[in-house]
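Good morning, everyone. Please have a look at the chain on the screen.

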Amino acid sequence: MKTFKITTLPGDGIGPEVMDVALAVLDLVGSEYGLNFEIKSELAGGASLDQFNEPITESALQSCLESDAVLLGAVGGPKWDNLPQEKKPEKGLLKLREVLGLFSNLRPAKIFAPLADASSLKKDVIVGSDVMVVRELTGGIYFGEPRGHDKHEGFNTLRYKKYEVERIAKVAFELARKRNGHVTSVDKANVLDSSQFWRDVVHEVHKDYQDVPLSNMYVDNAAMQLVRDPKQFDVIVTQNLFGDILSDITAMITGSLGMLPSASIGEKHAMYEPVHGTAPEIAGQNKANPIAMICSVTMMMEITLNQPEAAHRLNNAIESVLENGIRTIDIASTDSTIVTTDGMRDEIIHAFQQTNKSIIDSRELVRE
Ligand code: IPM
Ligand code: MN
């Protein structure tokens, strides 16, 4: 039996609720595919601040470093908003990205056909869109020094080294090649030196990927084009801050932030988390949409656990539940059946088991 070490960081707000769903799904997949998960749960974000007065502890980081993969719920909330920068829950997440070296953040926004009506965009604009945002995650203005603020000014530093741009560009080109797609590198080269540099390096890397079409787009235009005609995009590669913003926009193509998973990958480590935040207004009410979290588990199965069949089945299970009109409140329309977080979990688990059954049934039919 294959054993995988996984550290879970449920975090704050709806984080623990959606993490419970992820664990139930892991349990099921493990038992069906003969995988053994050694799971360790650690505190992160506000939960860690409350207990240890720091947003992530050394021992939690250590556990993540020793794991095959990390699953994160979400961190942050109004309770901790007024703390100094170094003590904010978000700092825990940034520290994780830094310590684990997770430089590449993959945020796929693919529309589930039954959800076309849940988007605030017109159906014909979004149906068929499939965008992958490749966000640089350990550099740029999020991490640049010097930084600071006092009563008179506030400042941050936006800086990219060549190797940082090269490695993220490679990730984007490799992905686009696999998808038979193309790359749009998003920058602000008309204003920022760091962006002109980004553009030059991306073009240099592109010499090794001549079969993959590359175009450049300014970030303001990209934001506009994403809501005007998302189908023109395939892989978007961009710096940390632009990627943060653009991936929230692409999320709305799918109808809800509650649908969007992400994978953060480095040379040695990987972390999977939903793109949505802690949604404190619905925390603890069994209302959160667990699909982004389940899709994050699916990405983990594809990328770290190398279980494409399980991932595929899980995806089909989600699709069939949505096809049956079952929805959490954030993606509900007038004729849907509204379920709780746990309700969605049960439906997806049931659908997963059904697909297994139908595979077995059809095998038996073949034998007869
Ligand atoms: C995200 C979040 C984080 C970010 C915050 C919570 C630090 O918005 O993962 O998109 O800005 O990267
Ligand atoms: Mn964000």
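Which elements each supply at least two residues of the lining of the largest cavity? They are β8 (183-187) and α7 (193-206). Helices (H or I, at least four residues) and strands (E, at least two) are DSSP runs, numbered from the N terminus.

Some ground rules. This is a predicted model, where local features need pLDDT of at least 70, side-chain atom pairs count only at pLDDT 80 or more, and totals for chains, interfaces and linings use all residues. Residues are numbered from 1 along each chain as its sequence is written, chains are lettered from A and ligands numbered from 1 in the order in which they are written, and side-chain values use heavy atoms, with hydrogens and water left out.

Back to the cavity. On a 1 Å grid over the protein atoms alone, a cavity is a set of points where a 1.4 Å probe fits but cannot get out. A pocket is an open set with protein on both sides within 12 Å along at least five of seven lines. Lining residues have an atom within 4 Å of a point. Grid points are joined across faces, edges and corners, and a volume is the space filled by probe spheres set on the points.

The count comes to one cavity of 30 Å³ or more. The largest cavity has a volume of about 40 Å³. Its lining is Y160, V186, D187, S194, S195, W198 and Q239. Helix α7 gives the largest share, three residues.

Take Q239 from that lining. Q239 sits in the loop between β10 (235-238) and α9 (240-253). Is Q239 buried or exposed? Buried, with a relative accessible area of 5%. Buried means under 20%, exposed over 50%, partly exposed in between (1.4 Å probe, protein chains only). Beyond four places in sequence, Q239 touches R135, E136, L158, Y160, S195 and W198. Contact means heavy atoms within 4.5 Å.

Next, the largest pocket. Its volume is about 1,000 Å³. It is lined by 32 residues, and the closest to its centre are P108, M132, R179, M299 and E302. Elements that each supply at least two lining residues include β4 (104-110), α6 (162-178) and α10 (291-303).

M299 lies in helix α10. At 8% relative accessibility, M299 is buried. Leaving aside neighbours within four places in sequence, M299 contacts L106, P108, P261, S262, A263, Y272 and T304. M299 and E273 are 26 residues apart in sequence, and 9.5 Å apart in space, C-alpha to C-alpha.

Now the domains. The assignment gives domain 1 (1-107 + 260-368) and domain 2 (120-254); such bounds come from an automatic or database domain assignment. Their C-alpha centres lie 25 Å apart. Domain 1 puts 13 residues into the contact, and domain 2 puts in 19 residues.

What about the largest nonpolar core? It has 70 residues, and L71, F173 and Y272 are among those with the most contacts inside it. A nonpolar core is a set of buried Ala, Val, Leu, Ile, Met, Phe, Trp, Tyr and Cys residues joined through side-chain atoms within 4.5 Å. A second, separate core of 16 residues includes L121 and M217.

Last, the cysteines. C64 is buried at 1% relative accessibility, and C295 is buried at 6%.
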